[in-house]
Amino acid sequence: MSVNKYRPHVYVLPEDDANRQLANGFLLHPDLLARNIQVLPEVGGWHEVLDHFKSDYANGMGLRQHVLPILFARLA
Amino acid sequence: MIRRLYIHNFRCLENFELPLAGHSSVLLVGKNGSGKTTVSLALEILQKIARGTNRIGALVTPKDFTRGRSDVPIRLEIEMALEARVYEYIVAFELPEGFKELRVLQERLAVDGRPVYTRDKAQVHLARAGQNQEAKFLIDWHLVALPIIQESSTSDPLFIFKQWLARMLILRPVPGLISGDSNEEQLQPNTQVTDFGAWFSGLLAYSPAAYSRIDQYLREIMPDLKDIKNPVIGKDFRSLTVQFSNQNGTLSVPFEDLSDGEKCFMICALTLGANNAYGPLLCFWDEPDNYLALSEVGHFVMALRREFESGGQFIATSHNPEAVRRFSEENTFLLVRKSHLEPTTLRPLAQIVKGDLVSALVQGDLEP
């Protein structure tokens, strides 16, 4: 059974391809319950991450938690 | 772990080298007909040799030459590292004029750079390092030497290499053909995994503890799984049934009646168990996303990647965006073939894609 709104799980919403690859590397950790984590397709920018989060995911969070990776180097 | 695979003049692969060193998992992407599956067919030749097929006619045929170019040998070279040793095996096949069946032009196995044996057409020179044993003999040039050279013990590098090669998992499952019946035990499933029952029996006979790994993986996907039974139902004949249960009761389902996707989960579970029990293995899975629900594809691929991260090597091909997204730039290779008259070329993704790979694949932007 994969992640769904009736079970505790984490969505990772990557800003770009680099963040997606970072999330993949994290999922390779052997001690992780990786089936409780779903990496979503990258959305193409930090503003888009916020927009997607607000429009698609913020409502009905329930047992869901979100990780929105930020690449700080780009903010400097 | 394979460090290098070189294939020349075999179907669409000319002077083709797959640089696998340092990668525990690799994804091959490319259009239909670009040569992804052909890489597994080349590996399958080596696997068949190690499993005992030594008649050349059962390994390669004249139609396997690139565009029928039979004046150039078919060459396969593999370099792999196992237990701190480096094994190199080379075999080349040629078709002299007037021959109907190919013959061996060259064959060589070396360990840490020292030859175990070398061969030039029919002449074999056996030179086992460290044992002061040398021998020269002739062998039918339509037979590969590797399966028929006797290893001296299970610690003989020749035995270790052959066993590793024979146990490679090259998977292109056809779930509709998998029944779950078996009349033997074995650790070397065929590519379509039609002998799943025999593999299941062999794995549990070899390592009963493997069941816990299988059970753990399957319960994550199918929480109502109770157990898998493999009862004897006739003389030397077993048939798998899968039991499910919840608060409403128990249901026993013959293996053959599972859905195609569920059979793929079972194959994945055995792959994880096998790598754990008698690995490190190489697993080449051609389109592992086939038959799976979209929500499962990513988890399926990551389960395999994670297993082989700690030992062994996993090579996948895919056209599925969810599967493609589970790999990264450094372990994704693009296979490109401009036309059916031209060979496959390999392009590391890191050099050609900046940004979203899936969009680039959908738009066909990666290929000329």
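Mentor: Start with overall size. Chain B has 368 residues, and a compact globule of that length would have a radius of gyration near 21 Å; chain B has 22 Å, so the two agree. Keep in mind that this is a predicted model. The C-alpha trace of chain B spans about 70 × 55 × 40 Å along its principal axes. Nine helices and 20 strands make up its list of elements. Of the 368 residues, 42% are buried. Among contacts in chain B with a separation of 6 or more, 57% link residues 24 or more positions apart.

Now the strand. Take β3 of chain B, residues 25-29. Five of its five residues are buried, so β3(B) is largely enclosed by the rest of the structure. In a regular strand, side chains alternate between the two faces of the sheet. Check each face in turn. B:S25, B:L27 and B:V29 lie on one side, and they are buried. B:V26 and B:L28 lie on the other, and they are buried as well.

Next, the strand's partners. β3(B) runs parallel to β18(B), residues 313-317, and four bridges join them. Here B:L27 stands opposite B:A316. β3(B) also runs parallel to β19(B), residues 332-336, through three bridges. In that pairing, B:V29 faces B:L334.

Nonpolar side chains tend to be buried together in soluble globular proteins. The largest nonpolar core here counts 107 residues, and B:C268, B:A269, B:L270 and B:C283 touch the most other members. Helix α5(B), residues 260-278, gives the most to this core, with ten residues. Domain 1 (1-21 + 35-163) and domain 2 (169-327) of chain B both contribute, so the core lies between them. Look at B:C283 as an example. Leaving out residues up to four places away in sequence, B:C283 touches B:L169, B:L171, B:T271, B:L304, B:F308, B:G312 and B:F314. One of these, B:F314, falls within the 313-317 range of β18(B).

Last, the contact with chain A. It takes 18 residues from chain B and 14 residues from chain A. On the chain B side, α4 (210-221) and α6 (294-309) each supply at least two residues. The largest share, eight residues, comes from α6(B). By type, the chain B side divides into three nonpolar, six polar and nine charged residues.

Note on methods
Residues numbered from 1 in each chain as written. Chains lettered and ligands numbered in written order. Predicted model: local features only at pLDDT ≥ 70, side-chain atom pairs only at ≥ 80, totals over all residues. Rg over C-alpha atoms; globule rule 2.2 N^0.38 Å. Buried ≥ 20, exposed ≤ 12 C-beta atoms within 10 Å, placed from the backbone. Contact = placed C-beta atoms within 7 Å. Nonpolar A, V, L, I, M, F, W, Y, C, P; charged D, E, K, R; others polar. Pairing = 2+ DSSP bridges. Core = buried A, V, L, I, M, F, W, Y, C linked by C-beta atoms within 7 Å. Domains from an automatic or database assignment.
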